[in-house]
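Take a look at the chain below. Follow the strands first, then the individual residues.

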Amino acid sequence: MRWEADVSVVWRPRTNRSVRASRQLALTPQAQHSEPDSLIVLPVAGGPPRTLYRLKKSASFGWDTVSWTRDGKHIVFGVVSGGLDASSQKTELWEIAADGSQPHRLDITADTIRQLRVSPDGHHIAFDTGAFSSEIGVMENLLPAQKASR
């Protein structure tokens, strides 16, 4: 599959329960022309991509701000409300279920969030923030507790 745009992409984590599901990518290609940006899940073995979330036209996904939770059940992503060309690039973090349900805004907003990662235990989010100088942020206990798999 080819996009004529900047794309952030990340593998879905492998889980014991679903090897097939782990062979998916989440991507946020920057839309062309008047199309809004979308969060897409793409099966690696083939098949059509699924659009999980579509932004308003004035918004954009932040750079490298898409990350799966360890269990592969949710995706955390960053949204720049005014778009990447806005003078203030405040990034809001959101979470959505892997099936596209329950999108909701997390209570985290910062200047130009990049390199978003969810920790392996699912209790922390790490990211880089800042336009010309960088700061590293780690947030605790923001995602719902994950149930232990058997």
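This is a predicted model: local features need pLDDT of at least 70, side-chain atom pairs count only at pLDDT 80 or more; totals for chains, interfaces and linings use all residues.

Start with one residue. P43 touches R23, Q24, P48 and P49, leaving aside residues up to four places away in sequence.

Where does P43 sit? P43 belongs to strand β3, which covers residues 38-43. Is P43 buried, exposed or partly exposed? The relative accessible area of P43 is 24%, so P43 counts as partly exposed. The strand as a whole is another matter. Five of the six residues of β3 are buried, and therefore β3 is largely enclosed by the rest of the structure.

Now find the partner of β3. Strand β4, residues 50-54, pairs with β3 in the antiparallel sense over four bridges. Together β3 and β4 make a hairpin, with six residues between them. In that turn, G46 has a positive phi of about 115°.

Strands of a sheet are held in pairs by backbone hydrogen bonds, in a parallel or an antiparallel sense.

Step back to the whole protein. It has zero helices and eleven strands. Read from the N terminus, the elements are β-β-β-β-β-β-β-β-β-β-β. The protein has 150 residues, and 45% of them are buried. Take the contacts between residues at least 6 apart in sequence: 34% of these join residues at least 24 apart.

Next, trace a sheet. Strands β5, β6, β7 and β8 form an open sheet in the order β5-β6-β7-β8, and the pairing is antiparallel. Which strands lie at the edges? They are β5 (60-68) and β8 (104-111), each of which pairs on one side only. On average, neighbouring strands of this sheet are turned by 20° against each other, ignoring direction. Look at one pair within the sheet. Strand β7, residues 90-97, joins β8 through five antiparallel bridges. Here E95 stands opposite H104 in β8.

In a regular strand, side chains alternate between the two faces of the sheet.

Beyond four places away in sequence, Y53 touches D37, S38, L39, F61, F77, W94, I96 and P103.

Finish with T129. This residue lies in strand β10, residues 124-129. Why does T129 count as buried? Its relative accessibility is 12%, and buried means under 20%, so T129 counts as buried. The side chain of T129 also makes a polar contact: it reaches the backbone oxygen of D111 at 2.2 Å.

The accessible surface of the protein comes to about 9000 Å². Carbon and sulfur atoms account for 49% of that surface.

Methods. Residues are numbered from 1 along each chain as its sequence is written. Side-chain values use heavy atoms; hydrogens and water are left out. Two strands pair if DSSP finds at least two bridges between them. Helices (H or I, at least four residues) and strands (E, at least two) are DSSP runs, numbered from the N terminus. Axes are lines fitted to C-alpha atoms, for helices over the stretch in contact, and angles run from 0 to 180 degrees between N-to-C directions. Buried means under 20% relative accessible area, exposed over 50%, partly exposed in between (1.4 Å probe, protein chains only). A polar contact is a pair of N or O atoms within 3.5 Å; within protein, one must be able to donate a hydrogen and the other to accept it, and residues adjacent in sequence count only if both atoms are side-chain atoms. Contact means heavy atoms within 4.5 Å. Accessible areas come from the Shrake-Rupley method with a 1.4 Å probe; for residues, only the protein chains shown count as cover.
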